[in-house]
Amino acid sequence: MATRGAGFARTQTSKRNSRKNILSKIRHGQITGVGLTRGTQVPVALLEERDKRVKWQGIPALLRRLHESSHPNSDLSDIHSMVMELSSLLSMEAMSFVTEERKTPLQSISPNTYTFDLFGGVDLFVEILMRPTLTVQGALPILSDDLIKDCLSVLYNCCICTEGVTKSLSVRDDFVTFLFTLMSNKKVFLQTATLIEDILSVRKEMVQLEEIPNLPSLVQSFNQQQLANFCRILSVTISEPDVGVDDKHTLLARSTQQKTSTCPSRSETNQVTLLNIPGFIERLCKLATRKVTEVEGASARLELEDWHSWLDNALVLDALMQLAIEEAEQSSTESSDESSLSSTPLRHRLPQSMKIVHEIMYKVEVLYVLCVLLMGRQRNQVHRMLAEFKLIPGLNNLFDKLIWRRQPAGHVLHRQNQNCDCSPEISFKIQFLRLLQSFSDHHENKYLLLSGQELNELSDIYLNANIFEMEALNNTDRNLVCDGKKGLLTRLISVMKKEPIDSSFRFWQARAVESFLRGTPSYADQVFLLRRGLLEHILNCIIDSGCTSHDVLQSYFDLLGELMKFNIDAFKRFNKYVNNEEKFQRFLTQINSSLVDSNMLVRCIVLSLDRFESQTKDMKVIEVFSECRLLSYMAQLENRWTFLFRLINIINVQTLTQENVSCLNTSLVILMLARRRGKLPLYLNALREKEYAEKYPGCLLNNFHNLLRFWQHHYLNKDKDSTCLENSSCIPFAYWKETVSVLLGNADSGRSSRCAISTYIDEAYRDLNRDFMEL
């Protein structure tokens, strides 16, 4: 028995070594280029003999036969049976990988796919697919649609199951370009698009769309379903890559990066390429706004908590894919009416709710592309197109029936920054809100979010207040605004007020509404929203609801600041809601809990206070001023000093980001207003005394000096940011620059030295000349 056991062990060791020897030689050859580089170079007899021992499932031998049968002059129709055999060996591993939600490909779990790749299967299948483009003489080889589908499916399965395959394909520019051209074949579009999306997601260098042959005619040939799927690919080509490391998001890091790259990025170039395709934006608008026939009743709805079970079912996934193929085959003409498809056998096997989710998934991709284009350099051109093709009125018509349908009971709320897979309906809502935010932000087209009746209301507000109507409102084309009595903005506020307290939608809703108010403060815009109870809703969320989400609170603070800025009616409403000291202290506690979140509101209060103090003849202002707890609190000099000290203390040049740079600008607003009243030395001396009281003299003022030097570096070359600062504060940007210069001691007059930071730092603690880029 001992002898038999030893022999069995030797046999097993021999099997492992024989497999290891061949595999290691192939791997070594692939790395060095010397010796065996693919399994098809191994003699057939040796492959078959080793296969019996190590159970390669006949894959190396099959690949060898396939290689010999697919030479340039062969009839490729004869190889389909071998491709199908290989596909069946790999597909089960891919299905297992997907359904079990594995994160990392493992050789032990996907041995067939690993063996296929090792023995040159991936390269061979790429060669077969591209053979028609590589043949220069004689008749072009013909690949059937079914053969192409199976080849693409095998490659995609390898990308899923075998580490490194996707990256190796992504560096092959010729293959990536070939896949784009292959999408012109409607029968293989879905498989091709799926593989391209996977490849582009790991590609280090973004593909240049202008280099894709005949891209305009390719895009124009897509039907609406194919165009929606193509948007998934486009999202990778027009978005700036996410660097994924926090310090790369700092303004200092971005500033350094911009110095090394002055030309437009590839994503910006790709956006221009898309905008130059005739009819592209118009078709996206039609896709985003087309209606979906919806059967009434609960049975027709796909409950949000059930969507995972639908989409994780392989049969349903296959049905959806087949549905799209059938739609492509039947849609010989462009149409937004899907009723013609209801007679297909597949439609009888799919619930109506799946059709709705199917359409929602399309719209998510389309809205994302439109949103990215709205935030790009061609923003004004995109705005003109979206207005012309009536995107906003179309979305308004979909709002109640599709975009914001009544939430099902028991819906598990998605929270901001929570790591989970959003359902299609949640993703759709968030993408819709992001689009509204981008559309309204600092652009006169924001009034398209209103109806004609609501535009009349705004005009009446201006008239009753004896204020000139804003030019943007006067210039709004009423043929392009929302239909009916309620526009999108009013509908959004209605659902916002009904949203559960711990819903992350509150964050996106507040951002979208705030963007409508951004820019130069508009009294009529503010009153329009005040009439709809928005201020009371915000205060309820901040003070009484028990909301603890930093994201939601920050968005509500920002919105409250825009709603109240310079508006005495808003401060009167605030005082009516916050009608006792206990409520006011709860409000202050929320503000002080995180100044990064609430500093924009602090800025609003300081700016408003300064304006109201100059309106000494306005009886309404005098009345509200005497009663309002908030204004009285900020009017106390010591409270403004405390805010100023804390705002400067929580940031430095190395930690400045787009999120917290507002703290620096708020501190500057406080000092600019002090300078206007000749009190700047008083404020700087208060900072100096605070430093000494806290036992670290010079630390705060040295930090502030460095921050202001970076401010000059950052803002004096950024037109958009400087315009935003000027419009939102109603302080000319020239005064911003001048105040910073005075604080840094760059002015010549002796009097200005009392307004220079360096004057208040003792020589022993002064550290002003170091390069902030090296700090």
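1. The model is a predicted one, in which local features need pLDDT of at least 70 and side-chain atom pairs count only at pLDDT 80 or more, while totals for chains, interfaces and linings use all residues. Residues are numbered from 1 along each chain as its sequence is written, and side-chain values use heavy atoms, with hydrogens and water left out.

2. The chain holds 40 helices and zero strands, where helices (H or I, at least four residues) and strands (E, at least two) are DSSP runs numbered from the N terminus. Of its 775 residues, 53% count as buried; buried means under 20% relative accessible area, exposed over 50%, and partly exposed in between, with a 1.4 Å probe and protein chains only. Among the contacts in the chain with a separation of 6 or more, 77% come from residues 24 or more positions apart, a contact being heavy atoms within 4.5 Å.

3. Helix α26 (residues 505-517) packs against helix α29 (residues 550-564) at an angle of about 20°, with the axes 9 Å apart; axes are lines fitted to C-alpha atoms, for helices over the stretch in contact, and angles run from 0 to 180 degrees between N-to-C directions. That angle makes α26 roughly parallel to α29, since angles under 35 degrees count as roughly parallel, over 145 as roughly antiparallel, 65 to 115 as roughly perpendicular and the rest as oblique. The residues of this contact include Phe 507, Ala 510 and Leu 517 of α26 and Val 552, Tyr 556 and Leu 563 of α29. By class, the residues of the contact of α26 with α29 divide into eight nonpolar, two polar and six charged, where Ala, Val, Leu, Ile, Met, Phe, Trp, Tyr, Cys and Pro count as nonpolar, Asp, Glu, Lys and Arg as charged, and the others, Gly among them, as polar.

4. How do helix α6 and helix α9 cross? The axes of α6 (residues 121-134) and α9 (residues 173-182) come within 11 Å and cross at roughly 70°, and the two helices are therefore roughly perpendicular to each other. In this contact, Val 126, Leu 129, Met 130 and Thr 133 of α6 meet Asp 174, Phe 175 and Phe 178 of α9. The contact of α6 with α9 has five nonpolar, one polar and one charged residues.

5. Leu 66 lies in helix α3 (residues 59-69) and counts as buried because its relative accessible area is 0%. Leaving aside neighbours within four places in sequence, Leu 66 is in contact with several residues, among them Ile 79, Met 82, Leu 124 and Ile 128. Leu 66 and Leu 124 are 58 residues apart in sequence and 8.5 Å apart in space, C-alpha to C-alpha.

6. Most residues other than glycine have a negative phi. Asn 214, which is not a glycine, has a positive phi of about 55°; Asn 214 sits in the loop between α10 (189-200) and α11 (215-221) and, at 59% relative accessibility, counts as exposed.
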